[in-house]
Amino acid sequence: MPIASVETRVERLPLSRPYTITFRTVSEVEIGLVILRDDRGRIGLGAASPEPHVTGETNAHCQAALEKLQCLVGADVRALPTLARTLAEQTPGAPAARAAGDMALHDLLGQTLGVPLGTIIGRAHERLPTSVTIGIMKADEAIREADEYLGRGFRILKVKIGRALEEDIERVRKLREHVGSRMLIRADANQGYTLEETRRFFTATETLGIEFLEQPVKANAIDELRALPPAMRALLCADESLLAPADALRLAVTPRPAEIFNIKLMKCGGIRPALAIATIAETAGMTLMWGCMDESRIGIAAALHAALASPATRYLDLDGSLDLARDVADGGFVLEDGFLRPTDGAGLGVTLI
């Protein structure tokens, strides 16, 4: 069952709701699409959403790496582990491109076997709730967005912070006062704080029931967090510091700088390396959140299947396709009252539009 062709192209997808984080404002995204076809006409889909501020992979670098996926032509998708190693060799420094090829292979394998990807990699959860993200904005604007998301069935907010500590604290406080116990609140500083600011944030929000704080300090400064008391470190999540399984091994050494790992396929290179990180976390007794960039439903479906396969998964932040003004694919998952579950379709369950 050889792969007959590999097609790649770039799609520019505008956002219906631009947002701001610590280092930029986002109004559109560039996605690299991968389409694998086998000799019987079955299709496997993958999508790349590079983030140069996190991995160093630019759009140009990603596109160049996607062209190297032609090495898959003629290969048997049933040899997926071997093909995944080939991808890693062919796409150094381009984890999003590698992830697109990886998920396309997994999708095509599921299509070949006629089963959902979850049947192949296992499933520990049937569904989980996802957070929905509020960017950096004024408190009254954040409250209006929170009300909208409540009306759409979401019960977890992820609030972007990291530009101005006192403003962040005030915005989170006003959000908590407004939503009360109706919504969980987690925060993401995107490397915007120092160690001392991290400590001050925790102290100031101690009574606000913050679920956890994601990546407060620079990626290369995460070891500084080991100096915080255990109660604070238990509420910290490593994101930009966690790019690959080797990072997971280092961060799992006690005293840990964070007790939660945020796995993103675009950081680590796809489903197989993501599951390797998940195994490290499970073995170390840690918990997982699965996140995303601004992505097509293709990437979200792939991350969801991987997330539900790990017993260590506790949190989802897979809202990356919800604000796309248009997408390149449909299907893959169902969103019900803030919960995500995969469809019963073969592979990723996605189809091109």
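In which loop is glutamine 191 found? In this predicted model, glutamine 191 is found in the loop between S7 and H8. Phi of glutamine 191 is near 70 degrees, a positive value in a residue other than glycine. The relative accessible area of glutamine 191 is 12%, below the 20% cut-off, so the residue counts as buried. Asparagine 190 lies in the loop between strand S7 (184–188) and helix H8 (195–204). Although asparagine 190 is not a glycine, its phi is positive, at about 45 degrees. With a relative accessibility of 6%, asparagine 190 is also classed as buried.

Both of these residues are touched by glutamine 215, which is found in the loop between strand S8 (210–214) and helix H9 (230–233). Relative accessibility of glutamine 215 is 1%, and the residue therefore counts as buried. When residues up to four places away in sequence are left out, the contacts of glutamine 215 comprise Ala189, Asn190, Gln191, Ile222, Cys237, Ala238, Asp239, Glu240 and Ser241.

Helix H9 contains arginine 233. This arginine counts as buried, at 10% relative accessibility. Arginine 233 and leucine 213 are 20 residues apart along the chain, and their C-alpha atoms are separated by 9.3 Å. Residues touched by arginine 233, not counting those up to four places away in sequence, are Leu225, Arg226, Leu228, Pro255, Arg256, Pro257, Ala258 and Glu259. Proline 255, one of these contacts, is found in the loop between helix H10 (245–251) and strand S10 (260–263). The peptide bond that joins threonine 254 and proline 255 is cis, with omega at about -5 degrees.

Two helices were examined for length and burial. Helix H4 (residues 95–113) has 19 residues, and the distance from its first C-alpha to its last is 27 Å, close to the 27 Å expected at 1.5 Å a residue. Of the 19 residues of H4, 16 are buried, so the helix is largely enclosed by the rest of the structure. Buried residues in H12 include Ile271, Pro273, Ala274, Ile277, Ala278, Ile280 and Ala281. Just after H12, glycine 285 has a positive phi of about 75 degrees.

At the level of the whole protein, the secondary structure comes to 13 helices and 16 strands. The radius of gyration is 20 Å, close to the 20 Å given by the globule rule for 353 residues, so the protein is as compact as a globular protein of that length. Along the principal axes, the C-alpha atoms fill a box of roughly 60 × 40 × 35 Å. Buried residues make up 57% of the 353 residues. Among contacts with a separation of 6 or more, 73% are accounted for by residues 24 or more positions apart.

The accessible surface of the protein comes to about 13,400 Å², and carbon and sulfur atoms hold 50% of this area.

Conventions
Residues numbered from 1 in each chain as written. Predicted model: local features only at pLDDT ≥ 70, side-chain atom pairs only at ≥ 80, totals over all residues. Heavy atoms only, no water. Helix = DSSP H or I, 4+ residues; strand = E, 2+ residues; numbered from the N terminus. Expected span 1.5 Å × (residues − 1). Buried < 20%, exposed > 50% of the residue type's maximum accessible area, 1.4 Å probe, protein only. Rg over C-alpha atoms; globule rule 2.2 N^0.38 Å. Contact = heavy atoms within 4.5 Å. Areas by Shrake-Rupley, 256 points an atom, 1.4 Å probe, with all protein chains shown as cover.
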